[in-house]
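Hello,

Here is the structure we discussed.

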Amino acid sequence: MFINNFDPVAFQIFSLEIRWYSLAYIIGIALGWLYCKKRLIKDPHILQLFDDFITYLIIGMILGGRLGYTLFYNLKYYFDNPIEILMVWNGGMSFHGALIGVIIASLLFSKKHNTNSFIFLDLVALSAPIGIFFGRIANFINSELYGRATDLPWSVQFVLIDNIKRHPSQLYEAFFEGIILFFILGYFFKKDYLEVPGKISALFLIFYSLFRFFIEFFRSPDPQIGYLVLNLTLGQLTSILFFMTGSYLLSIKK
């Protein structure tokens, strides 16, 4: 068993606290940007537009992630405490909300520049596992989104939460939704799937949803929501919807 008593604050500069959660976003975005610029983008026109697109991407991701968490996961709390919606540094981001935000931002950017939105969404899909990996590591350090109780040898006791031995579900997600998904999509990139805009995006939705659905069986549901239809979590039900969306998208991208 491992004892998790990490401090969510990475370091402090005078009175300014730099949290692991913020660092995860910064590192994930920076590495994803480099990966796209140096490895993925071959079209000079798209390369020129990509720096401007990053601004849309960040805004869409943060607004979507925060509003998604507020509306879907903790509406009553934020309705009673609206000012805390702005306190992103305290945690509380929905991946699926961020995904919707990124899609909307990509659509707006592509319409402005008269380009196919899937060109940018495919680039996001290929690089997103990098950010997901660091985000889940930050979740682990912050003792949030922790797993269900277990007696397995690699169980973790999140002492900031309770004394129960739990699955380190954040690390499961970092491995499958981050590392494994990165290499799976990289394989399809090498098979020239990027030549058909939308195929990589579809595969991202399919594989991410599969990994998320099954790992949710090891993750504690949000206490304010609990289990829903068929004893599934909100994350699992949302993953089913996105899996169906990805499957449909893949079927029409020949």
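The axes of helix H4 (residues 95-113) and helix H8 (residues 234-252) come within 10 Å and cross at roughly 30 degrees. Axes are lines fitted to C-alpha atoms, for helices over the stretch in contact, with angles from 0 to 180 degrees between N-to-C directions. Helices are DSSP runs (H or I, at least four residues), numbered from the N terminus. H4 contributes His96, Leu99 and Ile100 to the contact, and H8 contributes Gly235, Thr238, Ser239 and Phe242 (contact: heavy atoms within 4.5 Å). That contact has three nonpolar, four polar and no charged residues.

This is a predicted model: local features need pLDDT of at least 70, side-chain atom pairs count only at pLDDT 80 or more, and totals for chains, interfaces and linings use all residues. Numbering starts from 1 along each chain as its sequence is written, and side-chain values use heavy atoms, without hydrogens and water.

On a 1 Å grid over the protein atoms alone, a cavity is a set of points where a 1.4 Å probe fits but cannot get out; a pocket is an open set with protein on both sides within 12 Å along at least five of seven lines; lining residues have an atom within 4 Å of a point.

The second largest pocket has a volume of about 350 Å³. Its lining has 13 residues, with Leu40, Lys42, Asp43, Leu194 and Glu195 nearest the centre. Helix H5 (residues 117-141) gives the most to that lining, three residues.

There is one cavity of 30 Å³ or more. The largest cavity holds about 50 Å³. Its lining includes Tyr73, Arg212 and Gly235.

Best wishes

Key: Points joined across faces, edges and corners; volume = space filled by probe spheres on them. Helix = DSSP H or I, 4+ residues; strand = E, 2+ residues; numbered from the N terminus. Nonpolar A, V, L, I, M, F, W, Y, C, P; charged D, E, K, R; others polar.
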